[in-house]
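Please look over the sequence and the model shown below before reading on.

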Amino acid sequence: MLAARASARKDVVITILGPTSGTRAIKMEEEVGEAFVLNLLSTLASVGVTNTLPITTHLKLPSHPGNNLCLTRLRPRGVCCAYSGVGMGVVHQGAPGRAWTVEETHPYMLFLQRWWLTGQAVWRGYSVLSLDTDLHLSTNPLAMLRAPPYSTFDALMQLDSAWAVQGDSEGQVPTDERGQHVNVVPCRRRLLAPSAAVDAHGCACGAVPAPLLNTGFVYVRAAAAAGATSLPQLIVNRSVTKIMHRLARPPNHDAKGAVDPHAVWAQDVVNEVASEMASLHPGVSAAGRRCHTRDSACSPRPLSAQDARDAKRRWWLPRLPHSVWLATHRRTAAGAEACDAADASRRAPNDLQLVAWTSLVAPTAAAPT
């Protein structure tokens with residue numbers, strides 16, 4: 001299936017569809033969910049991307065009308081699709097996963113299939129772009145990912161938190177009345193003492209707060225050799241392993257005694273695993289190992305009420321001695337001198353958005369926790 005749907009570069013684009021229920025579900029009829037998938041496939045085709053593979057949940061409930069929408073809805077429409085039912089047994093009636101308030105049609109089970117398939121495909125030598133069906137695309141996303149500033153990274157995700165921009169004074173600045181904001185990062189290249197390895201990703205500016213990752217747009221490049229486990233692949237594999245392990249044990253509870261299912265929500269767990277594996281690039285000097293003013297993962301001072309609420313919501317954040325994410329702006333010419341010249345010319349209060357990135361290291365602990 002993967003070989004048939006992948007491009008000549010072994011890229012495959014996946015999206016997900018399945019019946020959902022519960023308080024955390026987005027309510028829509030099967031026809032509407034199907035229409036979202038068909039619209040995304042049409043949009044991708046309009047920008048030259050046809051190497052697509054929608055994934056549906058296989059509930060393993062033969063009497064359920066949405067048991068396998070790939071077979072009953074998409075294939076009859078001429079759409080080539082696949083299906084997965086990973087973990088369904090642990091959330092069937094009477095199984096331990098039900099104690100987490102999760103059942104077969106819970107949206108968390110829908111997202112779990114996406115990451116299981118991504119890990120399997122990347123291990124087999126395919127690069128996977130995973131897209132939510134409600135995304136608006138105005139360009140070929142694969143072409144964008146193969147070009148600077150993204151072409152040097154092995155895994156890419158969109159941000160759900162403040163973007164990094166270059167400015168004169170480190171901090172955080174609101175950008176509109178809805179509470180959107182940006183993290184300001186002054187370039188401190190002498191402090192960073194950036195190496196050629198750091199500058200391979202562009203011109204490094206400085207530390208940026210640990211981001212909140214959104215999994216609506218995720219790209220994972222395959223390892224050089226099929227059958228090898230890469231660090232980017234380990235993010236999704238480890239996330240699936242953690243979720244499956246947790247569903248089989250008693251659930252977590254919040255301070256009021258209610259079941260707290262966040263530890264089995266794929267987006268939170270992907271953030272958790274990424275935090276476990278994130279490491280400041282070794283090319284950064286000792287003096288550059290510092291904490292961005294607004295990085296709640298390592299702030300040396302007491303957190304503000306807002307930052308404390310943010311840190312509580314982001315339950316996976318570790319306590320670190322310094323920030324482990326860097327912000328980089330696009331290189332326009334070769335050599336460190338070109339980066340220094342570009343830095344000197346960037347004095348606007350809010351420069352173009354920067355790319356926030358981190359190095360990945362193998363985690364020291366076994367995945368199930």
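The model is a predicted one. A search of the whole structure finds three aromatic pairs, and two of them are described here. The largest nonpolar core has 39 residues, and another core, of 38 residues, lies apart from it.

**Aromatic pairs**

- Tyr108 and Trp265 form a stacked pair, with 6.0 Å from centre to centre and 15 degrees between the planes. The pair counts as stacked because planes under 30 degrees apart are classed in that way.
- This pair links distant parts of the chain, 157 residues apart: Tyr108 belongs to helix 5 (residues 107–123), whereas Trp265 lies in the loop between helix 9 (231–247) and helix 10 (266–277).
- Tyr108 is buried, with a relative accessible area of 5%. Trp265 is also buried, at 19%, because buried means under 20% relative accessible area.
- Phe153 and Trp357 form a tilted pair, with 6.0 Å from centre to centre and 50 degrees between the planes.
- The pair of Phe153 and Trp357 likewise links distant parts of the chain, 204 residues apart. Phe153 is in the loop between helix 6 (141–145) and strand 5 (155–159), and Trp357 is in strand 13 (residues 355–357).
- Phe153 is buried, with a relative accessible area of 10%, and Trp357 is buried, with a value of 5%.

**A charge over a ring**

- The charged end of Lys10 sits over the ring of Tyr126, 4.5 Å from the centre of that ring.

**Nonpolar cores**

- Within the largest nonpolar core, Val102 and Leu247 are the residues with the most contacts.
- Several elements each supply at least two residues of this core, including strand 1 (11–17), strand 2 (52–57), helix 4 (88–91) and strand 10 (213–220). Helix 5 gives the most, with eight residues.
- Leaving aside residues up to four places away in sequence, Leu247 touches Val90, Val91, Pro96, Gly97, Trp100, Val102, Met109 and Val264.
- The separate core of 38 residues has Val13, Ala210, Leu317 and Val324 among its members.

**Helix 10**

- Helix 10 has twelve residues and reaches 16 Å from its first C-alpha to its last, close to the 16 Å expected at 1.5 Å a residue.
- The helix is mostly covered, with eleven of its twelve residues buried. Among them are Ala266, Asp268, Asn271, Glu272 and Met277.

Conventions. Residues are numbered from 1 along each chain as its sequence is written. This is a predicted model: local features need pLDDT of at least 70, side-chain atom pairs count only at pLDDT 80 or more; totals for chains, interfaces and linings use all residues. Side-chain values use heavy atoms; hydrogens and water are left out. Rings of Phe, Tyr and Trp (its six-membered ring) pair if their centres lie within 6.5 Å; planes under 30 degrees apart count as stacked, over 60 as edge-to-face and the rest as tilted. Helices (H or I, at least four residues) and strands (E, at least two) are DSSP runs, numbered from the N terminus. Buried means under 20% relative accessible area, exposed over 50%, partly exposed in between (1.4 Å probe, protein chains only). A charge sits over a ring if NZ of Lys or CZ of Arg is within 6 Å of the ring centre and within 35 degrees of the ring normal. A nonpolar core is a set of buried Ala, Val, Leu, Ile, Met, Phe, Trp, Tyr and Cys residues joined through side-chain atoms within 4.5 Å. Contact means heavy atoms within 4.5 Å. The expected span of a helix is 1.5 Å times one less than its number of residues.
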